[in-house]
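Have the viewer open as you read.

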Amino acid sequence: MNKEDLLPVADAQQRIIAAMSPTPAEQIPLSEGLGRVLAKDVRSRRTQPPAAVSAMDGYAVRSIDVTTLPATLRVIGYAPAGHAFDGTVGPGEAVRIFTGAPLPDGADTIVIQENTEKIEKNIRVTGGEAPSGRFVRPAGLDFLTGETLLTSGTVLTARDIGLAAAMNVPWLMVRRKPRISILATGDEIVMPGDPVSQNQIVSSNALSLAAFVLAQGGEPLDLGIAPDEKEGLRSLASGAAGSDILLTTGGASVGDHDLVQSVLGEIGLEVDFWRIAMRPGKPLMFGRIGDTYLIGLPGNPVSSLVCALIFVAPALRSMLGIKEIVPQPLTAILGSNLRENDEREDYLRATLSRDDSGELVATPFDKQDSSMFATIAQSDALVIRAPFATAAQSGDLVDIIPLDGSVYSI
């Protein structure tokens, strides 16, 4: 197709994904594993529990001795958690035991302490069934030595970190974080806190994109704001050397002051595509400068962040080797009427709520102007509208993309 044609969103997304390769593996300590992506399966280095243990506080006994109740047993020892009773439980005997302590030889069940009475050095078992195996956790109940419990491509959660620790695994092989350089462009933007004239706007793109990259498992590098002149843009863009991806914001369309294509073309930029059938976000560019890919995002802050969700996130997930590169949209009930759509795929900022039946309801904001950043901050999801979609009524089902996904999770 001609580079000036509008490329469908799915095609643009797949072309970006297809260009990406997994980053190299690196070794990290377990304590730094949250949000990282495994590059190698993790096998347990121990059996858990390593031996049969008590699941309750009480007494370890032989089940045959408590078949008929009440029964009186002689207490011959003590087994706190982390310590074993060295002897053997014989007929008519019991060992005081606590949760997690190894089951003594000879015993095959636990009588919980609530079902006993202490009588000097004896106990009287007054009630409760205690067949063989009751309140006993057998060896290997949780997992066995050599068992694979975490697989390559897994994004490590807090639960995974705890599991790996229980497996006695101190080190992990993970994918290196993709290095993402971020370059804002335009004479009209200034950094937050700097003096700003009536003709300028405060830059939010670089900071929001850096936070986005971090949340998606990447390592951001803010190159600053490039002015609308060749030398300044070329100089700052050179800072992306060694990065996996250079993200630019602004300067990707056809205006007289949009220099990204022309200036970066002088240093080797090869453009794959630069316009997509999407709203917000039509002027999106994808290409390559040597070993660094370039994704040119729109300068509009809302368009930039929405395009990052649709295109940058899958690129990062692909480089990290995450199993689900493009998460499937969810379905929700539409909370308001929508007009028919035109030829561009639309992503509407929306809030989420629950109706009286507990069903998820997505209600788009009335105003979807792409200059309104406050609405995307208040949004819970994006409602997807296919090109040429017919008018939709409140109560219809729609596809949504939740805005709460990241590599960090419990």
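First, what counts as a cavity: on a 1 Å grid over the protein atoms alone, it is a set of points where a 1.4 Å probe fits but cannot get out, whereas a pocket is an open set with protein on both sides within 12 Å along at least five of seven lines; lining residues have an atom within 4 Å of a point. Grid points are joined across faces, edges and corners, and a volume is the space filled by probe spheres set on the points.

Keep in mind that this is a predicted model, where local features need pLDDT of at least 70 and side-chain atom pairs count only at pLDDT 80 or more, while totals for chains, interfaces and linings use all residues. Residues are numbered from 1 along each chain as its sequence is written, and side-chain values use heavy atoms, with hydrogens and water left out.

**Cavity and pockets**

One cavity of 30 Å³ or more turns up. The largest cavity holds about 40 Å³ of space, and its lining is Gly35, Arg36, Lys177, Gly217, Leu320, Val407 and Tyr408. For the classes, Ala, Val, Leu, Ile, Met, Phe, Trp, Tyr, Cys and Pro are nonpolar, Asp, Glu, Lys and Arg are charged, and the others, Gly among them, are polar. That gives the cavity lining three nonpolar, two polar and two charged residues.

| Largest | about 680 Å³ | Ile325, Val326, Pro327, Gln328 and Ile401 |

Helices (H or I, at least four residues) and strands (E, at least two) are DSSP runs numbered from the N terminus. Helix H6 supplies the largest share of the largest pocket's lining, five residues, and that lining divides into 19 nonpolar, five polar and five charged.

**Helix H3**

Buried means under 20% relative accessible area, exposed over 50%, and partly exposed in between (1.4 Å probe, protein chains only). In helix H3 (residues 205-215), the buried residues include Asn205, Leu209 and Phe212. Contact means heavy atoms within 4.5 Å, and the cover over the buried residues of H3 includes strand E16 (219-226), helix H6 (301-320) and helix H7 (373-378). Just after H3, Gly217 has a positive phi of about 95 degrees; Gly217 is also one of the residues lining the largest cavity.

**Rings**

Rings of Phe, Tyr and Trp (its six-membered ring) pair if their centres lie within 6.5 Å; planes under 30 degrees apart are stacked, over 60 edge-to-face, and the rest tilted. How many aromatic pairs does that give? The count is three. Tyr78 and Phe98 are edge-to-face, 5.5 Å centre to centre with 65 degrees between the planes. Tyr78 sits in strand E5 (residues 71-79) and Phe98 in the loop between strands E6 (93-97) and E7 (109-112), so this pair ties together parts 20 residues apart in sequence. Tyr78 is exposed at 52%, while Phe98 is partly exposed at 21%. Phe286 and Tyr293 are stacked, at 5.8 Å and 10 degrees; Phe286 is buried at 3%, and Tyr293 is buried at 13%. Ring pairs link Phe273, Phe286 and Tyr293 into a cluster.
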